[in-house]
Amino acid sequence: MALIVLAADKGAPGVTTAATALGAVWPRPVLLAECDPAGGDIAYRLPAADGGVLNPGRGLLTLGATARRGLHPEQIHEHTQKIIGGLDVLAGLTHGEQAAGLTWLWGPLGRALATMPHADVLADCGRLGGHPQLAELVAEASLVVLFTRASLDHVAHLRERLQVMPRDAQVGVVVIADPRQYRTTIDEVRRIVTGTGRNVAFVSGLAHDPKGAELLRGQWGGRLDRSLLVRTARELAGRLAAQVRAPEPVPGGGRP
């Protein structure tokens, strides 16, 4: 279906939390893939569907071990696990040193994730720029979503990242915003982004909600569903899913 890259520039503010929240409320079947070469922590921060712990050794590492002979979309689910709530995840590397032996993987992985037949893929890529080989995966995405905070340094890094993104990439921006100045903050970042001259598909927001983020780590339920994090994630998920929705088939096989 569609590969959506979730990333940031310096600092990667809340990308993993945002990716998890979006996966929890995604309106279609979805896979959350941890694709940060610097290493991730999904296996340590999220409980398994049965209430136990995820296996940190099963995921990108085991997929990489079998993919040298070729990587096909059908292979990916053999290396995924379910977290609490039923979300499928592909756990990433546990530390950056593991990426040294997998520099060849990112291009084939991107192509496989982009052509998964029955699920969208949210790829948590952490911070862009530190691992040039990750560009091969990003190039396969239908949409690249850059996260930022409204502080001067984060917005400055966002502007620089927008300037170096490939011109043919469809890019959106999401502001991790204080709920007390939510719309004002998003509008201010939108004005700055517009001033860069870069064609950006949208500028949207996600609430900065530490309590909601903490609830994501435990037993999902009504309190989490009512949190600002999940309420704004549901709105954002609908927008992203609509942005990459495949065109409806035309009767007779013609073009829409």
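Which helices and strands each supply at least two residues of the lining of the largest pocket? Let me get to that, and keep in mind that this is a predicted model.

The answer is α6 (135–138), β6 (143–148) and α7 (152–164). The pocket holds about 330 Å³ of space. There are 19 lining residues, and the closest to the pocket's centre are A135, V138, A139, M165 and P166.

The structure has 9 of them. One is R161 with D9, where the closest N and O atoms sit 2.7 Å apart. R161 is in helix α7 and D9 is in the loop between β1 (3–8) and α1, so this pair ties together parts 152 residues apart in sequence. Both partners are buried: R161 has 17% relative accessibility, and D9 has 15%.

Now take D178 and R180, also a salt bridge, with the closest N and O atoms 2.7 Å apart. Here D178 is partly exposed at 25%, while R180 is exposed at 70%. Then there's R234 with D225, at 2.8 Å between the closest N and O atoms. R234 is partly exposed at 39%, and D225 is partly exposed too, at 41%.

Last stop, helix α1, residues 15–25. Of its 11 residues, 10 are buried, so the helix is largely enclosed by the rest of the structure. The buried set includes V15, L22 and V25, plus T16, T17 and T20.

How values were computed. Residues are numbered from 1 along each chain as its sequence is written. This is a predicted model: local features need pLDDT of at least 70, side-chain atom pairs count only at pLDDT 80 or more; totals for chains, interfaces and linings use all residues. Side-chain values use heavy atoms; hydrogens and water are left out. Buried means under 20% relative accessible area, exposed over 50%, partly exposed in between (1.4 Å probe, protein chains only). Helices (H or I, at least four residues) and strands (E, at least two) are DSSP runs, numbered from the N terminus. On a 1 Å grid over the protein atoms alone, a cavity is a set of points where a 1.4 Å probe fits but cannot get out, and a pocket is an open set with protein on both sides within 12 Å along at least five of seven lines; lining residues have an atom within 4 Å of a point. Grid points are joined across faces, edges and corners, and a volume is the space filled by probe spheres set on the points. A salt bridge is a side-chain nitrogen of Lys or Arg within 4 Å of a carboxyl oxygen of Asp or Glu.
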